[in-house]
Amino acid sequence: MFRNSTRTALRRAQPLLLALAGLPAIAQAQTPPACQADVQKFCPGSGPAQECLLDHQQDISDGCYNALKQRLDNQRGLAACKQDVGRLCQGVQPGGGRIVNCLLDHQKEVSDGCYDMLAKRNKRP
């Protein structure tokens, strides 16, 4: 099971996980690979896995929690850069960081909001 510090961190991060429920693209997205074991353990046959994982957020693995958080960060980044992606990265196939790399290649041309997201992303460990 989790250490108490991990449980405390999850409780503090609860608003981030709850925000996942408000992003339709995330709710419909395929479950992250890091969450497969958690889905099997807590949500077998229970319908939308994302909602079930949110219901069990105190119990899911660190890897699953981090994957869900990363997905939320990516969704927010896509929202900030949506117009820039359409304008500067047409034809770039999503996945593998290709969209972000395209935006970084055009960082002098992106909107202020997108630039801020890219700068924040590059500061992550």
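Let me begin with two cysteines, Cys 43 and Cys 52, both of which are buried. The model we are looking at this morning is a predicted one, so please keep in mind that every value I mention has been computed from that model. Cys 43 and Cys 52 form a disulfide, with their sulfur atoms 1.9 Å apart. For those of you who are new to the term, a disulfide is a covalent bond between the sulfur atoms of two cysteines. The torsion about the S-S bond of Cys 43 and Cys 52 is about -90°, and the disulfide is therefore left-handed.

The protein chain has eight helices and zero strands, so that, read along the sequence, its pattern is α-α-α-α-α-α-α-α. Of its 125 residues, 34% count as buried. If we take the contacts in the chain with a separation of 6 or more, residues 24 or more positions apart account for 55% of them.

Now, how many disulfides does the count come to? The count comes to four disulfides, and, with the bonded cysteines counted along the chain, they follow the pattern 1-4, 2-3, 5-8, 6-7.

Another of these bonds is formed by Cys 35 and Cys 64, whose sulfur atoms are 2.1 Å apart. With 100° about the S-S bond, the link of Cys 35 and Cys 64 is right-handed. Cys 35 lies in the loop between helix H3, residues 24–28, and helix H4, residues 36–42, while Cys 64 lies in helix H6, residues 62–88, so this pair ties together parts that are 29 residues apart in sequence. Both Cys 35 and Cys 64 are buried.

Let us turn to the disulfide that joins Cys 81 to Cys 114, with a distance of 2.0 Å from S to S. Its torsion about the S-S bond is about 100°, so the disulfide of Cys 81 and Cys 114 is right-handed. This pair links distant parts of the chain, with Cys 81 in helix H6 and Cys 114 in helix H8, 33 residues apart. Are these two cysteines buried or exposed? Cys 81 counts as buried because its relative accessibility is 1%, and Cys 114, with a relative accessible area of 0%, is buried as well.

That bond brings us to the helices in which Cys 81 and Cys 114 sit. The axes of H6 and H8 come within 8 Å and cross at roughly 145°, and the crossing of these two helices is left-handed. On the H6 side, the contact is made by Gln 70, Asn 74, Gly 77, Ala 80, Cys 81 and Asp 84, and on the H8 side by Gly 113, Cys 114, Met 117 and Arg 121. By class, the residues of this contact of H6 with H8 divide into four nonpolar, four polar and two charged.

Helix H6 also packs against H7, at an angle of about 80° and with the axes 10 Å apart, and H6 and H7 are therefore roughly perpendicular to each other. Here Cys 81, Asp 84, Val 85 and Leu 88 of H6 make the contact with Ile 99, Cys 102 and Leu 103 of H7. The residues of the contact of H6 with H7 divide into six nonpolar, no polar and one charged.

The last pair I would like to show you is H7 with H8. Helix H7, residues 98–105, and helix H8, residues 112–123, pack at an angle of about 115°, with their axes 11 Å apart. H7 and H8 are therefore roughly perpendicular to each other, and their crossing is left-handed. Val 100, Leu 103 and Leu 104 in H7 meet Cys 114, Leu 118, Arg 121 and Asn 122 in H8. This contact of H7 with H8 has five nonpolar residues, one polar residue and one charged residue.

Which residues does Leu 104 contact, leaving aside its neighbours within four places in sequence? With those neighbours set aside, Leu 104 is in contact with Leu 118 and Asn 122. The C-alpha atoms of Leu 104 and Tyr 115, eleven residues apart along the chain, are separated by 8.7 Å. Leu 104 counts as partly exposed because its relative accessible area is 22%, and buried would mean under 20%.

How values were computed
Residues numbered from 1 in each chain as written. Predicted model: local features only at pLDDT ≥ 70, side-chain atom pairs only at ≥ 80, totals over all residues. Heavy atoms only, no water. Axes fitted to C-alpha atoms, helices over the stretch in contact; angles between N-to-C directions. Helix = DSSP H or I, 4+ residues; strand = E, 2+ residues; numbered from the N terminus. Parallel < 35°, antiparallel > 145°, perpendicular 65-115°, else oblique. Left-handed = near helix turned anticlockwise from the far one by under 90°. Contact = heavy atoms within 4.5 Å. Nonpolar A, V, L, I, M, F, W, Y, C, P; charged D, E, K, R; others polar. Buried < 20%, exposed > 50% of the residue type's maximum accessible area, 1.4 Å probe, protein only. Disulfide = S-S within 2.5 Å.
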